[in-house]
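Welcome! Here is a short tour of one protein model, starting with its sheet and ending with a pair of helices.

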Amino acid sequence: MKGSQNVLLVVDVQNDFMPGGTLAVPHGDEVVPIVNRLAAEFEHVVLTQDWHPRDHLSFAAHHAGRQPFETMTLPYGEQVLWPVHCVQGTTGAALHAGLEAGHARLVIRKGYRREVDSYSAFVEADRQTGTGLTGYLREHGVTRVWCCGLATDYCVAWSALDARAAGFDVVVIEDACRAIDLDGSLDRAREQLDAAGVVRMNAEQVLAGR
Ligand code: VGL
Ligand code: ZN
């Protein structure tokens, strides 16, 4: 059992990111049993939930003539335009029914401001607005953040990099994640994680070291 200095951060294990969802991550459902096994070994689990208003600016449908997966410049920088996904209160935004994390202590919702996206669980895409998670973890004496969930190259990677920037030790449990992999985004994410000193592991290694 990983004690109180460790937190398992379970990112966006939500229906819309599963096969059949509106922003399906290939094989996204395969993370669920692995995340469940990990969650059972952590006393402290925090979940995130992508949580957009229906007219969120990251949705391609909101921009005339734009298609999903194109990139657009917004006031805070480059933004990938996504299919409508994880709309507040919908079934698509709900956590996967097979997720066994009843002991999770906190659910961080993110991306709830219409004009700013938030891949990261720590800082919104304007790179200024904190979600409060850094302070929460510090207040609870957490020193190491173990990341898993969806998608490796977006919300998991951005969360891991921001956790590292906030001074936490950070591990990404790669086989407990799946990627969207848009135009080389997975390779880029791995390079950034390595450069930042984020450790990449597999669940088996994590569970062996418990
Ligand atoms: C995500 C794209 C848009 C993610 C969320 O969870 O990785 N990706 N919103
Ligand atoms: Zn989103």
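## Ground rules

Two strands count as paired if DSSP finds at least two bridges between them. Strands (E, at least two residues) and helices (H or I, at least four) are DSSP runs, numbered from the N terminus. This is a predicted model, where local features need pLDDT of at least 70, side-chain atom pairs count only at pLDDT 80 or more, and totals for chains, interfaces and linings use all residues. Residues are numbered from 1 along each chain as its sequence is written, chains are lettered from A and ligands numbered from 1 in the order in which they are written, and side-chain values use heavy atoms, leaving out hydrogens and water.

Six strands form an open sheet in the order 5-2-1-6-7-8, with parallel pairing. Strand 5 (106-110) and strand 8 (199-201) are at the edges with a single partner strand each, so one side of each has no neighbour in the sheet.

## Two helices side by side

Helix 3 (residues 152-165) packs with helix 4 (residues 185-196) at an angle of about 15°, their axes being 10 Å apart. The axes are lines fitted to C-alpha atoms over the stretch in contact, and angles run from 0 to 180 degrees between N-to-C directions. Helix 3 is therefore roughly parallel to helix 4 (angles under 35 degrees count as such).

Contact means heavy atoms within 4.5 Å. Among the residues that meet are Tyr-154 and Leu-161 in helix 3, and Leu-186 and Leu-193 in helix 4.

Methods: Parallel < 35°, antiparallel > 145°, perpendicular 65-115°, else oblique.
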